[in-house]
Every structure is written in C-alpha cells, then in structure tokens.
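Please find below a note on the model under review.

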Amino acid sequence: VIGDLHEPFCLDEYLDWCIEQYDTYNCTEVVIIGDVIDNHFSSYHEISISDDLLTGSDELNLAIKRISRWYKAFPIATVIIGNHDRLIMRKAQTSAIPSKWIKSYKEVLEVPKWNFVERYVKDNVQYIHGEGGTASTKCRADMMNTVQGHLHTQCYVQNFVGNNFRVFGVQVGCGINHESYAMAYAKYGKKPAISCAVVLNNGTLPINLLMPL
C-alpha cells in the first residue's frame with residue numbers, strides 16, 4: 001500500500017524504497033491510497049508563492065512525467081481517489097460544467113491500466129483515502145479492517161479486540177517532499193511520516209514500514 005504521493009511534490013527516493021518493500025515482502029498487488037497528484041495550482045486554499053512556483057500547465061506536465069515512473073514500476077494498480085485528485089472535478093461542478101467535458105483520471109495522467117476507485121475491498125480489508133477521520137475510528141465504526149492515508153503525519157497499526165470481533169486500523173503515511181512549496185501550509189507542524197504498508201496472510205497481518213531518512 002503506497003502512501004499519498006502528491007506529485008510532482010513527492011520525494012525522489014520514495015519510489016525506489018517502495019519497489020524494494022514490494023520485492024522484500026513478495027507482494028502481488030499494489031494499492032495507492034490516494035492523492036497521486038497534488039493539483040496545488042487549483043487549490044481552494046491560498047497558493048504558496050515561491051520563486052520556483054509552477055504554472056498550472058507546467059505543474060500538471062511535471063506531475064504526469066513523474067507519475068510515469070510509478071506507472072512503469074507498477075503498471076497494474078488500484079488507485080483510491082483522494083481529495084486532491086478530485087480538485088479539478090470539484091471546480092468543474094461548482095462552475096456547472098457537465099462531467100462529460102472532463103477526462104478520466106487515467107486519460108489525464110496517462111496511466112491506462114490503473115483502476116481509480118473511491119473504495120477497494122480485498123480479503124475483508126477496506127482501502128479508503130480517509131477524509132472522514134482516522135483509521136482507528138473508521139475501522140470501529142464500520143466493524144471492518146481499514147487501511148487509509150490522507151493524514152500525512154500519522155503512521156500506525158492499531159488493533160481493537162471485543163467479545164465478538166477483532167479489527168485493525170492502518171494509517172499508511174505518505175511520500176511527500178516536506179520541503180516543497182506546495183507543503184508550506186504544514187511547514188511549522190509535524191513532519192510527515194514517510195512510509196508504506198503491506199497487508200499479508202490474506203488480509204490478516206498489516207505491517208507499517210517507515211522509510212529511513
């Protein structure tokens with residue numbers, strides 16, 4: 001499970017590290033937990049001004065170029081749609097532009113074999129982006145094992161055991177470059193948890209993996 005990428009503002013070395021974990025744990029499937037693209041230029045918040053600020057066109061083109069590295073490494077993947085991925089569609093809707101005018105994620109990002117979904121379930125584990133809260137609260141609310149991203153500074157596996165059930169919640173962390181201008185809003189907060197996760201043994205064994213920095 002690959003954390004939030006926010007391309008083109010992802011750490012360069014995060015890709016190689018994720019490939020290494022995929023091989024080390026003999027993984028057979030990839031889930032990208034959401035926010036593959038940052039869309040900083042179209043944010044609803046004030047855009048951070050910087051000397052290296054990219055235009056909307058340049059940012060998108062660079063994001064596509066960098067995402068192509070991930071696509072080459074993992075040509076088959078399930079991609080959860082995150083809140084940053086949705087930004088352009090949201091702006092189209094607020095402008096009353098019919099969705100037929102908008103290309104699909106896979107067309108725009110040039111990743112034809114990636115499957116973009118809101119939620120993915122495998123082996124009784126749900127994979128979501130996580131705008132609604134934390135993995136620990138979501139897994140208990142749904143009584144279902146839950147893996148999510150969205151919260152860049154959180155990275156954990158938490159198990160909850162009751163009389164009649166046992167569930168886990170996993171926060172994956174992310175791969176963002178904390179020094180990039182797009183992340184200036186979190187400059188004085190906690191640093192992000194650079195990590196990914198693996199879920200083994202038919203969905204029963206979640207492991208969080210923190211990247212050494």
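Between which strand and which helix does the loop that holds D35 lie? That loop runs between strand 1 and helix 2, and point 6 returns to it.

1. Basis of the note. The model is predicted: local features require pLDDT of at least 70 and side-chain atom pairs count only at pLDDT 80 or more, whereas totals for chains, interfaces and linings use all residues. Residues are numbered from 1 along each chain as its sequence is written, and side-chain values use heavy atoms, with hydrogens and water left out.

2. Overall dimensions. The chain comprises five helices and ten strands; both are DSSP runs numbered from the N terminus, helices being H or I with at least four residues and strands E with at least two. The radius of gyration is 17 Å, close to the 17 Å that the globule rule gives for 213 residues, so the chain is as compact as a globular protein of that length. The radius is taken over C-alpha atoms, and the rule is 2.2 Å times the number of residues to the power 0.38. Along the principal axes, the C-alpha atoms fill a box of roughly 55 × 40 × 35 Å.

3. Of the 213 residues, 47% are buried, where buried means under 20% relative accessible area, exposed over 50%, and partly exposed in between (1.4 Å probe, protein chains only). The accessible surface comes to about 11400 Å², with 52% belonging to carbon and sulfur atoms; areas come from the Shrake-Rupley method with a 1.4 Å probe, and for residues only the protein chains shown count as cover. Among contacts (heavy atoms within 4.5 Å) with a separation of 6 or more, 65% involve residues 24 or more positions apart.

4. Five strands form an open sheet in the order 4-5-6-8-7, with mixed pairing; two strands pair if DSSP finds at least two bridges between them. Strand 4 (120-122) and strand 7 (156-161) stand at the edges with a single partner strand each, so one side of each is left without a neighbour in the sheet. From one strand to the next the twist averages 15°, with axes fitted as lines to C-alpha atoms and angles running from 0 to 180 degrees between N-to-C directions. Strand 4 joins strand 5 through three antiparallel bridges, K122 having V125 as its bridge partner. These two strands form a hairpin with two residues between them, and D123 in the turn has a positive phi of about 55°. Strand 5 and strand 6 (residues 145-148) run parallel, joined by four bridges, and I128 is partnered by Q148. Strand 7 pairs with strand 8 (residues 166-171) in the antiparallel sense over six bridges; V161 has R166 as its bridge partner there.

5. V125 and N202 are 77 residues apart in sequence but 9.4 Å apart in space, C-alpha to C-alpha. N202 lies in the loop between strand 9 (195-200) and strand 10 (205-210), and counts as exposed at 65% relative accessibility.

6. Three strands form an open, parallel sheet in the order 1-2-3, with strand 1 (31-32) and strand 3 (115-117) at the edges, each pairing on one side only. Two bridges join strand 1 to strand 2 (residues 78-80), and V31 stands opposite T78.

7. Helix 2. Helix 2 (residues 56-73) has 18 residues and reaches 26 Å from its first C-alpha to its last, close to the 26 Å expected at 1.5 Å times one less than its number of residues. Its buried residues are E59, A63, I64, R66, I67, W70 and Y71. Their cover includes helix 1 (12-24) and helix 4 (105-109).

8. A cis peptide. The bond from E7 to P8 is cis, with omega near 10°. P8 lies in the segment before helix 1.
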